[in-house]
Amino acid sequence: MNTLIFRTVAPLLTAVMLVFSVFVLLRGHNEPGGGFIGGLIAASALAIYGMAMGAEAARHALRVHPIAVAGFGLALAGLAGMLSLAFDLPFMTGLWAMFEIDRVEVAISTPMVFDIGVYLVVFGTIAAVALALEADEGAG
Amino acid sequence: MEARPDIAVALVVLLPFVAAALFPLVHRLVGDVAGWVAALVPLAGFAALWPLVGSVSDGVPVRVAWPWAPSWGLELSFLVDGLSLTFALTIAGVGALVLLYSGAYLKGHRQGLFLGFLLAFMGAMQGLVLADNLVALYLFWELTSVASFLLIGFDHTRQAARRAAIQALVVTGIGGLCLLAAGVTIRAVTGSWDLSAAGSLAGEAYPLLVGLVLAAAFTKSAQVPFHFWLPNAMEAPTPVSAYLHSATMVQGGVYLVARMTPHLGGEPIWNTTLMAFGGATLLWGAVMALRQTDLKQMLAQTTLASLGLLMLLLGAGTELAITGAVLYFLAHALYKAGLFLVVGAIDHGTGTRDITALGGLRDHMTVTFIGTIMASAAMLGLPPLLGFFAKEEMYAALALGQVQPLVALAALVLGNALLGAIGLAVLIKPFMGEVLPTPIRPHEAPMAMLAGPLVLGALGIVAGLMPAQLGELLAAPATSAVLGDAVDTHLKLGVDLMGWPFWLSVATWGLAAAAYLRLDAGRALLRRLDGKLGWSFDRGFDAVYFGLVRLAGRVTRLLHHGRLELYLLVVFAMLAVAAIGPLWAMGGLPAWPRTADLRFYEWGVVALAVAGIVTVVLARSRLFAILALGVQGLAVALLYLLVGAPDLGFTQFMVETLSVVILALVMTRLDLDAADGRPFEDWARDGGVALLGGIAVTGLLWAVLDRPLDLRLSDFFNAHAAPVAHGRNVVNVILVDFRGLDTLGEISVVMTAGIAILALIRSARRRPTVADPKPAAQRRRKATA
């Protein structure tokens, strides 16, 4: 599998797929997409990188352990739900803040933060499993 | 000073828990005087409760409540009436002396932890007797069981202690569950969690409630046939036996029966059951006590007898009987705790507890001897001790009656006589006669260990000299609380020499003396009988307990056999049954055959999917099969896109892609043949289940399509997604907003599954070195060479 062509194309492909995954994540509220599918795309991107360059290189590129990314995502999703408690609203009530930047309306909301959490959990978990399977026998 | 009942109750119930949590730390600070410090906690509780005696004895119970879970209608409520106050004062008073004693008894043996456990138990016990709310009652009830477990198993390096701890926990735990069921039933019947609001519980649920309450009480208070755990609980350090297993925790069942009497009492089923079980336990304990030579075991058996006696009196249920029970509870708590502490002092001073190996200690342990005299006299019921008045009262309650009370009276006289004989034996055998050689040269116990027996004995005498005051302050209010009816005290100092009760007492003493003189012969006879019997309740418990463990093991091995292909087979077979079974059973099978109205390109995608699945089945190589499975999955994703579910199709694409990648990676790790070489029987079996599953799911989907689609939910989500949740993609809005909680649960599962998979991969990688380190080491050596 480690052909020269694959190894040359893989980092490029990974980069494009990661960007695309974020795009899918963010458009999800209004168009097809969302955190779950975005996370799957990002995990595939990392899996491709791992296949081409080796699991160790992929881990190094990620800097943190993927399961830690997943844990962070879960905490983020939980906290997004708890934010409403500060306003004396039930758990997971959606809170919305709309900004207008240069005549473009930008929405920041707790469901969006929640969706980012979903993205990170899916990405982290699948990437962790894929990298662990890709890793050479005996390596961590 | 104005009495603040809420502060008093908080101090009594909560302070011990706080102190228990801090105590290991406190112990490190104060060192050897830890017992004295710990004793301050119950003393504070006692001082806080004492001002309430006035109000309660005037017939005004004090109720305090804090909000607990308001949305469930729960409040943490406590009721201080005559009954609970009598128990609470006893728990605090005896507790102070026992804590003081423990400080000296357990010097250097993880004392901080032990005193902490005892304090926690005290808080739970106080909560149990003061609670008005049924949930709180159950909670404290279970906490006493847990504390008892910790204390019996305190010396956890000994197998016998661990076994006794588990046995006590199992038996009292069963009772605890019965109490929970009783509490829920009472709530269902009355609509209130507060016991004080219950009133009479006669009605449809009455027999059930009586059964549940008595099961809880009989297990906690060790009535025959649940009595066997209590003698075994003597594995605990002696202060625990004195406190939990004679004076307080085992009285929890007695308290429960007394507390429930206004709500459940008065019916023949209640009275007869209590008298029958109580009487049986009284005689059983009294006879079995004769059999023992270990002082602690003798006392444990007499505790059984006393618990049975209390149940019997509560079953009799008349005013005199209840007053007798209250007095006997107090007298017993004083003398039995005293006797246990004395036995601990003897054990401490001589190194043995065997009554046949002890003698002539009166000169070496004079103060202990004095404590024993007071306790034994109370056990015999000699005037003017409190034990005497308790005995007079119970005889008076039953002397004038018909057949049933007469049988009970005979049991009482006989039981009391045998208890008296044990009292004489504990007093005379170790202390009188010639000095026998003991493992340690006999010496007197330290001050802290003598205070308990002396103070408790003195209290028994003082209470006996002031029966009128005791009756007015505690006995009459407690009797009123049990009867649910105000009564006045009739106790006075003096003996009616012409009355029945007195002559029954004389008969009791005579019988006691006779039984004492024949003690050795009786013991020999009982031991012979026991040897012939070859069965005991204790062994019965083991048979049931280990039978359950074996059954659980067998069931586990049957279901959890570790063969993945069988698990999958069962899962998919059940899926098929669950999908099609109900339709078949209820006549909802879909119409057959059907035609599908598809466009040519849709037929094309279907053909792709079919081609994929046929290839999976026919493929020679596993890798090829995995790829074909991916093709089939992608075709399904295409179908989703074509029928207008882009989100679903999109996700399906990614899931299929990743499935192929991960399956292929797993394949490289498993040491499998490239081709699937399973025998024909397996192939047919697996294929059959697969076909069945496919048919079942197809049938289910067809059946769904046969009905008009219910669009209420879809309409709701479509109507509200954009205006309320600011999103036009309804699927995503459902996932992150409408049903966000579900998603939160799902991603938690995803992450947990991921961690589990990582652990599996790592353990599989490590296994060869763990299971067989030598060959691995050899391999490494070869590699380096």
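User: How many residues of chain B are in contact with residues of chain A?

Analyst: Two residues are in contact if their C-beta atoms, placed from the backbone, lie within 7 Å. By that criterion, 37 residues of chain B are in contact with 41 residues of chain A. This is a predicted model, in which local features need pLDDT of at least 70 and side-chain atom pairs count only at pLDDT 80 or more, while totals for chains, interfaces and linings use all residues. Residues are numbered from 1 along each chain as its sequence is written, with chains lettered from A and ligands numbered from 1 in the order in which they are written.

User: Which helix of chain B gives the largest share of the side that touches chain A?

Analyst: Helices (H or I, at least four residues) and strands (E, at least two) are DSSP runs, numbered from the N terminus. Helix 30 of chain B contributes the largest share, 14 residues. Helix 26 (646–669), helix 29 (730–738) and helix 30 (740–771) of chain B each supply at least two residues of that side. For the classes, Ala, Val, Leu, Ile, Met, Phe, Trp, Tyr, Cys and Pro count as nonpolar, Asp, Glu, Lys and Arg as charged, and the others, Gly among them, as polar. The residues on the side of chain B that touches chain A comprise 22 nonpolar, 10 polar and 5 charged.

User: How is the crossing of helix 1 and helix 5 of chain B to be read?

Analyst: Axes are lines fitted to C-alpha atoms, for helices over the stretch in contact, and angles run from 0 to 180 degrees between N-to-C directions. Angles under 35 degrees count as roughly parallel, over 145 as roughly antiparallel, 65 to 115 as roughly perpendicular and the rest as oblique. The axes of helix 1 (residues 5–30) and helix 5 (residues 111–130) of chain B come within 8 Å and cross at roughly 170 degrees. Helix 1 of chain B is therefore roughly antiparallel to helix 5 of chain B. Among the residues making the contact are B:Phe17 and B:Phe23 of helix 1 and B:Gly116 and B:Leu119 of helix 5. The contact has 16 nonpolar, 7 polar and 1 charged residues.

User: What do the spans of helix 5 and helix 19 of chain B show?

Analyst: The expected span of a helix is 1.5 Å times one less than its number of residues. Helix 5 of chain B, with 20 residues, reaches 28 Å from its first C-alpha to its last, close to the expected 28 Å. Helix 19 (residues 467–483) of chain B spans only 20 Å between its end C-alpha atoms, whereas a straight helix of 17 residues would span 24 Å. The bend at a residue is the angle between axes fitted to the seven residues ending there and the seven starting there. In helix 19 of chain B, a kink of about 40 degrees lies at B:Ala475, shortly before B:Pro477.

User: Is helix 19 of chain B largely enclosed or exposed?

Analyst: A residue is buried if 20 or more other C-beta atoms, placed from the backbone, lie within 10 Å of its own, exposed if 12 or fewer, and partly exposed in between. Of the 17 residues of helix 19 of chain B, 13 are buried, so this helix is largely enclosed by the rest of the structure. In helix 5 of chain B, 18 of the 20 residues are buried.

User: Where is B:Ala222 found?

Analyst: B:Ala222 is found in the loop between helix 8 and helix 9 of chain B. Although not a glycine, B:Ala222 has a positive phi of about 50 degrees. B:Ala222 counts as buried, with 26 C-beta neighbours inside 10 Å.
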